[in-house]
Amino acid sequence: MELLANKIRPTKLDEIIGQNHLIGKGKILTNLIKNKKMFSLILYGNPGCGKTSIANAIVNELDIKYRFLNATVNSKKDFDVVIEEAKMYNEMILVIDEIHRMNKDKQDLLLPYIESGLIILIGLTTSNPYFSINSAIRSRCHIFEVKNLSIMDIYNGLKKITKENNIMIEDEAVKYISSLSQGDFRYAINLVELANTYKKNITIDVIKEINPKANLIADKNENGHYDVISAFQKSIRGSDIDASLHYLARLIEAGDIDIIFRRLLVITYEDIGLANPSMGPKVMAAINTVERIGIDEGKIALANVVIELASSPKSNSAYIAINEAINDIKKGNSGEVPNNIKTHSKNYLYPHDYPKYYVKQNYMPEKLKNKKYYYKKNNKYENNLNLINKEMKS
C-alpha cells in the first residue's frame, strides 16, 4: 500500500527534478555532497517542489547517521532521544519538517547542539523563514529557496517515473497533468497513481473524469491557469469591473482560493497603493471572512473588494520606490549611516521635541544625500500627503 510518491523518492541529488540553482555541476548542494561536508540549512518553498526529496537525497549520500522528525507531530521527548543518539555517534543530521511550527522548548533544547555541530539541522518549511523561524535558529543555518517546478520539469519527471514503473499513459495525458500541477510534483504523481488505479491506460479523458475541475485550470497551451491569474490582476489594474469578476469566478470554480488571497493582497499594494490605502484592511477583512465562513458565502466578500479595487484610483508609486531602493542596495550603493542617527547617538534631534514633529538633520547616507526614490502620483490621497509633508517642513 506504499504510495508511489514515497516509493520513487530520490536517494541521490542527481535524481532530483529541477532546482538547477542548487543542484548540478559546480552548484552549492552538489559541491557539499562531493566534499562530504554539510552545514545546518533550511530549505523553503511551496508544497511539492522537492524539499523533502532533497533532504532525503542528502542524508542518503552522506555517511552520517540521521533522523527525520516533524516539529508538530513529534514531542520534546522524541527530540531528547535524537540528542542522545547524536552523542553516541558524535554527529547526526536531524531533518525537521514544518520547522516554522517548532515551539520554544524544542528550539531551546536544540540550539546548543546545533551551535556545537553535534546536530546538523536540515529544516523544511513552506513559510518564508525570514519571518516564520526564530532568529536564533535561523542565524545558525544557511537558507536556500526550493523553487516551483516548471511544466517541463514535471513532464520529464512523470515520463521517467511512468516508464520505470510500467504505467501506461498517453503522452498528451502527461502534458495535461504537468500543466495542472502548478509546480507541485507530488500532486502530479498522486494524480497519475489514482488514474492508474482506475484505468490501466491513462488518457486525458480519464484525468478529466477523476478531476473534473481540471478543465477550469489548464488549456491547450498549458498556461491556462497562470493566464487566468495574470488576467485577474490586469483586469483590476485596468479598472474593468466585469472582467475582474469573470476571472475571480474562474479562480473560485477552479478551487484555487489561496492564489486569490495572494493576488488580492499584491494588487492592493502594488496597483491601488496610496491612491486608496483603505483597501488594505478591507481586503484582509474579506480574506478573514472567507476563512471563517467558507467560500460558498465568502465569495460575496471577495466580490465586494474586487469591485472596489477595480473601481479605485490606481498608484504604483510605492512599488516603484521600493524597487529603486532595493536596486541601489544590490548594486552596493548604500553608504554609512549618519552619525547623528546611529544607536545611542548624543547628537540625535528628537522630532517630538520640535514643532510639527520635524527637525532638519541628516538621515540619508552621505553618498545618497540627494537621492529620491518616491515620486507621488496625481491622486487625492497622495496629493494630501504631499501637502502635509510640505507643511511639516515649512
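Two strands pair if DSSP finds at least two bridges between them. I note that this is a predicted model, where local features need pLDDT of at least 70 and side-chain atom pairs count only at pLDDT 80 or more, while totals for chains, interfaces and linings use all residues. Residues are numbered from 1 along each chain as its sequence is written, and side-chain values use heavy atoms, with hydrogens and water left out.

**Sheet**

Axes are lines fitted to C-alpha atoms, for helices over the stretch in contact, and angles run from 0 to 180 degrees between N-to-C directions.

I followed β2 to its partner: β2 and β3 (residues 92–97) pair in the parallel sense over five bridges. Y66 has I93 of β3 as its bridge partner. Contact means heavy atoms within 4.5 Å.

Is β3 enclosed or open? Five of its six residues are buried, so β3 is largely enclosed by the rest of the structure. Buried means under 20% relative accessible area, exposed over 50%, and partly exposed in between (1.4 Å probe, protein chains only).

**Helix pairs**

I checked α16 (residues 279–293) against α17 (residues 295–311): their axes come within 8 Å and cross at roughly 165°. That makes α16 roughly antiparallel to α17 (angles over 145 degrees count as roughly antiparallel). The contact is made by M279, K282, V283, A286, T289, V290 and I293 of α16 with I295, E297, G298, A301, L302, V305, E308 and L309 of α17. By class, I find 10 nonpolar, two polar and three charged residues there. Ala, Val, Leu, Ile, Met, Phe, Trp, Tyr, Cys and Pro count as nonpolar, Asp, Glu, Lys and Arg as charged, and the others, Gly among them, as polar.

Next I took α14 (residues 241–254) and α15 (residues 257–272), whose axes come within 8 Å and cross at roughly 145°. L248, L251 and I252 of α14 meet I257, I259 and I260 of α15. This contact has six nonpolar, no polar and no charged residues.

**Single residues**

I located T162 in helix α8 (residues 151–164). T162 counts as buried, at 5% relative accessibility. Leaving aside neighbours within four places in sequence, T162 is in contact with I167, I169 and V192.

I located Y319 in helix α18 (residues 317–330). Y319 counts as partly exposed, at 37% relative accessibility.

Key. Helix = DSSP H or I, 4+ residues; strand = E, 2+ residues; numbered from the N terminus. Parallel < 35°, antiparallel > 145°, perpendicular 65-115°, else oblique.
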